[in-house]
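I opened this notebook to record what I looked up in one structure.

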Amino acid sequence: MSTKISQTAEVQSFFKQVVGLDNDAGSPRMKQVLLRVLQDCATLIEDLKVTDDEFWKAVDYLNRMGTNQEAGLLVAGLGLEHFLDLLQDARDHEAGAAGGTPRTIEGPLYVAGAPKSEGFARMDDGTDPGTVMMLHGQVTDTEGTPIAGATVDVWHASTKGTYSYFDQAQSDYNLRRRIVTDESGYYKARSIVPSGYGCPEQGTTQEVLNYLGRHGNRPAHIHFFISAPGHRHLTTQINFQGDEYLWDDFAYATREGLIGELRFIDDSSRAKEFALDVEKFAELKFDFQVLKVTESESEQRSKRPRALQQV
Ligand code: FE
């Protein structure tokens, strides 16, 4: 069998030249990563006999995906974002830093700078006719000690399955709040029960999922960042027991330990306890346990570019 062209010294040295290993400028890290990307792409093209038509179709796809702003959706759908969680879990396990509420993917729809309040927030602007949801719980460390002053940064979709900022029909920061826990570590929010949602049907992510014979749906969920001085930042989501897509999420975010029970209540005295003007509502209690920090870096969320990052 003849030598693979992608593996010849000539091609390998060509790629090293392409990534600038023959100069001292630029970024050594980018050179290292891009060299591997080129080597792996070349090997894949040769081994799988990728045709010119397939190659240019992929290039066109990248252009269209960028125009659609769907790269963040694609990495979720291809399980790469979930893989980052599996990798970090394994690293934590090795470092003896396991425990606490499980992490899961952030997804591409966070917006920085949501209104901040102490102990309680109303998240919806009153225009969504959805079922009122009282979401509450306690933030503690892994020994159960309450954490006062933790920030619960919470965001979720509307009953139409869309998010404010990305859905211009919603008011600014609708269904997005930062709630600082009270002296007992409690947070409480009034909102509406969110719906699940799917990838845009004509979008570039669904286009790939169609090739894979997969749907692009997510179960209903609520996103959280939990942060507190001296504790590790937690990025997570909770899903609802009984959702048809609970274990069939196109983004693979569902995890044991992250399933909440929405309790539908029709009781005026319970409604009064929550100072609600409706008798029928849903209650979701969810507590979070965060780890004590081992290195200052992990108090912070990743530096992933996000909407309104500078706010
Ligand atoms: Fe989401």
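I call a residue exposed when its relative accessible area is over 50%, and buried when that area is under 20%. The model I am working from is predicted.

Entry 1: Asp 277 and its partner. I looked up the accessibility of Asp 277 and found 64%, so Asp 277 counts as exposed. Its side chain forms a salt bridge with Arg 190, and the closest N and O atoms are 3.4 Å apart. I placed Asp 277 in the loop between α7 (268–273) and β13 (280–285) and Arg 190 in strand β6 (residues 186–192), 87 residues away in the chain. Arg 190 has a relative accessible area of 11% and is therefore buried.

Entry 2: other salt bridges. Glu 143 is exposed because its relative accessibility is 63%, while Lys 292, at 45%, counts as partly exposed.

I then checked Arg 218 and Asp 249, whose side chains meet in a salt bridge of 2.7 Å, N to O. Arg 218 belongs to strand β8 (residues 217–218) and Asp 249 to the loop between β10 (234–240) and β11 (259–260), so this pair ties together parts 31 residues apart in sequence. Both of these residues, Arg 218 and Asp 249, are buried. I also recorded a network of salt bridges that links Asp 89, Asp 92, Arg 103, Arg 232 and Arg 255.

Entry 3: the iron site. Which protein atoms are the donors of the iron ion? I found Tyr 163 (OH), Tyr 197 (OH), His 221 (NE2) and His 223 (NE2), at 1.9 to 2.1 Å from the iron ion. Along the chain these donors follow the spacing Y-x33-Y-x23-H-x1-H. Tyr 197 is in strand β7 (residues 197–198) and His 223 in strand β9 (residues 221–227), so the pair ties together parts 26 residues apart in sequence. I found both Tyr 197 and His 223 buried. The angles among the four donor atoms run from 92 to 158°, and the site is irregular. A tetrahedral assignment would require all angles to lie between 85 and 135 degrees.

Entry 4: the nonpolar core. I found 27 residues in the largest nonpolar core, where Leu 135, Val 139, Tyr 187, Ile 222 and Phe 224 have the most contacts. The elements giving two or more residues to this core are β3, β4, β6, β9, β10, β13 and β14. I listed the contacts of Ile 222 beyond four places in sequence; among them are Met 133, Leu 135, Trp 155, Ile 238 and Leu 284.

Entry 5: aromatic pairs. I counted eleven aromatic pairs. Tyr 110 and Phe 225 form a tilted one, 4.6 Å centre to centre with 55° between the planes. Tyr 110 lies in the loop between α5 (80–94) and β1 (116–118) and Phe 225 in strand β9, so the pair ties together parts 115 residues apart in sequence. Both Tyr 110 and Phe 225 are buried. Finally, I noted one aromatic cluster formed by Tyr 187, Phe 224, Phe 286 and Phe 288.

Note on methods:
Residues are numbered from 1 along each chain as its sequence is written. This is a predicted model: local features need pLDDT of at least 70, side-chain atom pairs count only at pLDDT 80 or more; totals for chains, interfaces and linings use all residues. Side-chain values use heavy atoms; hydrogens and water are left out. Buried means under 20% relative accessible area, exposed over 50%, partly exposed in between (1.4 Å probe, protein chains only). A salt bridge is a side-chain nitrogen of Lys or Arg within 4 Å of a carboxyl oxygen of Asp or Glu. Helices (H or I, at least four residues) and strands (E, at least two) are DSSP runs, numbered from the N terminus. Donors are N, O and S atoms within 2.8 Å of the metal (3.2 Å for Na, K and Ca); water is not among the atoms, so sites may look incomplete. Four donors count as tetrahedral if all angles lie between 85 and 135 degrees; four count as square planar and six as octahedral if opposite donors are over 155 degrees apart and all others between 65 and 115; anything else is irregular. A nonpolar core is a set of buried Ala, Val, Leu, Ile, Met, Phe, Trp, Tyr and Cys residues joined through side-chain atoms within 4.5 Å. Contact means heavy atoms within 4.5 Å. Rings of Phe, Tyr and Trp (its six-membered ring) pair if their centres lie within 6.5 Å; planes under 30 degrees apart count as stacked, over 60 as edge-to-face and the rest as tilted.
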